[in-house]
Amino acid sequence: MHNLRAVYSIWLRDLIRYRRDKYRLISSLAQPALFLFVFGNGLARGLAIDVQRTGGGQESYVSFIFPGIIGMTLLFTSVFTAVSIVWDREFGFLKEVMVAPISRWSIAVGKALGGSTVALIQGVIVLLLAPFLGLKLSFLTLIALIPLMYLISISLTSMGIVIAVKMETMEGFQMVLNFLVMPLFVLSGAMFPLSSLPPWLSVLTRVNPLSYGVDALRGLMLGPSLAEFPLGFDVMLLSIFAVIMMFFAVFLFNRT
Amino acid sequence: MIEVRDIYKTYGDIEAVRGVDFTVHAGEIFGFLGPNGAGKTTTINILCTLIKPTSGSASLAGYNVVDDAEKVRSSIGIVFQDPSLDERLTAHENLEFHGMIYGVPKVDRRGRISNVLKMVELWDRRDDIVKTFSGGMKRRLEIARGLMHNPRVLFLDEPTLGLDPQTRNRIWEYIRDLRQRENITIFLTTHYMDEAENCDRIAIIDNGKIISLDTPAKLKSMVGGDVITLSTSDNKVAIEEIKKSHSIEALEQDSKIVLEVPDGEGFLAKLVHSISVSIDSISLRRPTLDDVFLKLTGRTMREETMGPLDSFKAQVRMRR
Ligand SMILES: Nc1ncnc2c1ncn2[C@@H]1O[C@H](COP(=O)(O)OP(=O)(O)OP(=O)(O)O)[C@@H](O)[C@H]1O
Ligand SMILES: [Mg+2]
């Protein structure tokens with residue numbers, strides 16, 4: 001009971017901080033909008049053929065990458081929020097939480113829920129751009145998208161926490177951004193069909209959790225014909241990944 | 001209430017704590033006094049379960065700090081030496097968060113928060129973002145937070161460093177009052193003499209070891225009587241002359257001569273006559289804990305006048 005309240009407080013704190021941070025709200029919209037504009041227009045012609053080869057002939061490139069852009073938003077926000085643990089350590093606030101009479105798992109869980117809720121909010125904001133891209137989503141699809149986006153967020157936030165727990169400095173975080181988050185994004189199929197990659201890279205795309213996230217988003221938004229796997233399969237893999245990461249995060253928190 | 005048995009803590013080559021052993025009784029105000037790097041904060045971190053000792057054992061309220069860490073944490077409150085607030089939250093939100101994770105019931109929370117905020121005179125600023133606070137205000141808020149959940153054992157790591165005297169007095173009043181009402185045990189480290197005098201017992205710690213542990217009065221009685229400080233035109237000559245005519249030990253500290261005598265008043269006249277070089281100033285006082293430290297280690301701790309490192313630390317705090 002007490003630990004649940006701790007989860008709630010840690011979750012609430014992340015939301016309060018998010019609400020105050022207007023800069024993040026703006027940049028969360030600006031980045032996807034920029035991607036959609038640049039890639040949607042300029043590069044569309046060059047890549048259109050590839051998209052058609054995947055079987056989704058009638059879809060424009062902008063709508064093809066739109067689920068990918070949402071995946072990108074979820075990825076960046078999740079990791080960023082999780083890595084605020086490193087900030088908390090640097091500013092000493094983490095000590096305040098670590099000496100509190102609460103189980104360490106509640107810190108990890110609270111942080112994971114907080115980060116993924118913020119990511120979900122950001123994802124929904126980007127989703128609101130859909131009508132401007134000529135993408136029509138049924139009400140049912142929208143309802144189904146919310147839990148899916150939350151599942152993706154929670155698996156990515158837990159992954160972020162696993163990285164952040166052991167990280168001492170912000171410089172280390174910068175390295176993670178370059179060597180983990182960017183490749184996760186590029187090799188997720190967010191911007192181009194994975195089938196257009198050379199086979200040796202497919203090993204990497206197969207172990208990339210975001211691949212399944214983007215695939216599921218795309219299947220839901222554009223129709224199953226554009227997805228590589230059935231929705232149920234994507235959701236299952238994402239759930240397994242989320243559970244493993246969550247356990248790992250709790251384990252690491254317990255040891256510090 | 002706190003039992004510490006032969007604790008060691010090493011960081012690579014650095015031996016931060018080298019065999020510390022003591023007991024703190026329930027309801028006691030127990031002080032740690034020692035120079036920078038003595039191992040005070042490291043000991044506190046071990047007792048509040050933030051770090052594990054390399055060897056040795058410690059228990060608090062009957063719980064082992066390694067094996068029953070969670071039970072230990074539910075018995076303590078702590079004001080850290082370094083800043084530990086969420087600067088993006090308001091003062092009130094920081095305390096609300098604290099109350100929630102420390103399990104202060106909702107009905108009590110509001111009253112407690114207003115009590116402690118009024119005590120540190122931050123009630124008017126309760127809805128301001130902490131980032132906009134001055135260093136001293138942040139410190140006051142941290143103290144308010146540490147006192148808010150009425151812990152059984154309260155750790156205060158240099159709680160009032162950089163605060164003005166009025167604020168320090170008010171905080172001490174609150175702490176003494178709290179102890180009387182709730183019978184809490186207080187463990188503190190400090191660099192201020194008057195604060196150390198508030199303690200029931202004091203452990204003097206140097207280089208990771210406790211070199212003496214007793215009541216302030218007993219500690220001071222180790223210094224043989226009164227302390228005379230004088231400066232002369234040639235301290236070396238003066239020290240020689242004092243040794244020859246009175247056969248007592250005199251030390252030079254910060255270009256001043258320091259000596260201890262059983263009966264200060266009676267000795268002053270004799271002293272003045274025995275020195276041939278001119279005397280610039282002379283003073284007599286009761287011994288302080290600093291004198292005790294000097295006696296035990298041959299070095300000063302520099303608490304009353306802040307040493308360069310301390311004022312630097314205070315500045316660092318203020319800036320954050
Ligand atoms: N995380 C750490 N890694 C390496 N060395 C450390 C670490 N923490 C403390 N030390 C070392 O342990 C020794 C004791 O440090 P500690 O912080 O306990 O001193 P202190 O008595 O609190 O001093 P101060 O009065 O300056 O606060 C110092 O030499 C310090 O450099
Ligand atoms: Mg210290």
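Predicted model: local features only at pLDDT ≥ 70, side-chain atom pairs only at ≥ 80, totals over all residues.
Okay, let's start where the two chains meet: across the interface of chain B and chain A there are twelve residue pairs in polar contact, with both partners at pLDDT 80 or more.

If you sort the touching residues of chain B by class, you get twelve nonpolar, six polar and ten charged.

Now the interface as a whole. Here 28 residues of chain B are in contact with 26 residues of chain A. For chain B and chain A, about 2,500 Å² is buried between them, and 58% of that lies on carbon and sulfur atoms.

What about charges? There are five salt bridges across the interface of chain B and chain A. You can look for a salt bridge between the side chains of Arg88(B) and Asp21(A), at 3.7 Å from N to O.

Another one joins the side chains of Arg206(A) and Glu228(A), at 3.0 Å, N to O. That pair links distant parts of the chain, 22 residues apart: Arg206(A) sits in helix H9 (residues 199-207) of chain A, while Glu228(A) is in the loop between H10 and H11 of chain A.

At what angle do H10 and H11 of chain A cross? Roughly 145°, with the axes of H10 (residues 209-222) and H11 (residues 231-255) coming within 9 Å. H10(A) passes H11(A) in a left-handed crossing. Residues that meet there include Tyr212(A), Ala216(A) and Leu220(A) from H10(A), and Phe233(A), Leu237(A) and Phe241(A) from H11(A). By class, this contact has nine nonpolar, one polar and two charged residues.

One more helix pair, also in chain A. The axes of H4 (residues 61-90) and H6 (residues 104-127) come within 8 Å and cross at roughly 150°. Left-handed or right-handed, when H4(A) passes H6(A)? This crossing is right-handed. On the H4(A) side, the residues in contact include Phe66(A), Ile70(A), Thr77(A) and Asp88(A), and on the H6(A) side Lys111(A), Gly115(A), Val118(A) and Leu127(A) are among them. The residues of this contact divide into ten nonpolar, eight polar and two charged.

Key
Residues numbered from 1 in each chain as written. Chains lettered and ligands numbered in written order. Heavy atoms only, no water. Axes fitted to C-alpha atoms, helices over the stretch in contact; angles between N-to-C directions. Helix = DSSP H or I, 4+ residues; strand = E, 2+ residues; numbered from the N terminus. Left-handed = near helix turned anticlockwise from the far one by under 90°. Contact = heavy atoms within 4.5 Å. Nonpolar A, V, L, I, M, F, W, Y, C, P; charged D, E, K, R; others polar. Buried area = accessible area lost by both parts, 1.4 Å probe. Salt bridge = Lys/Arg side-chain N within 4 Å of Asp/Glu carboxyl O. Polar contact = N/O pair within 3.5 Å; in protein donor to acceptor, adjacent residues only side chain to side chain.
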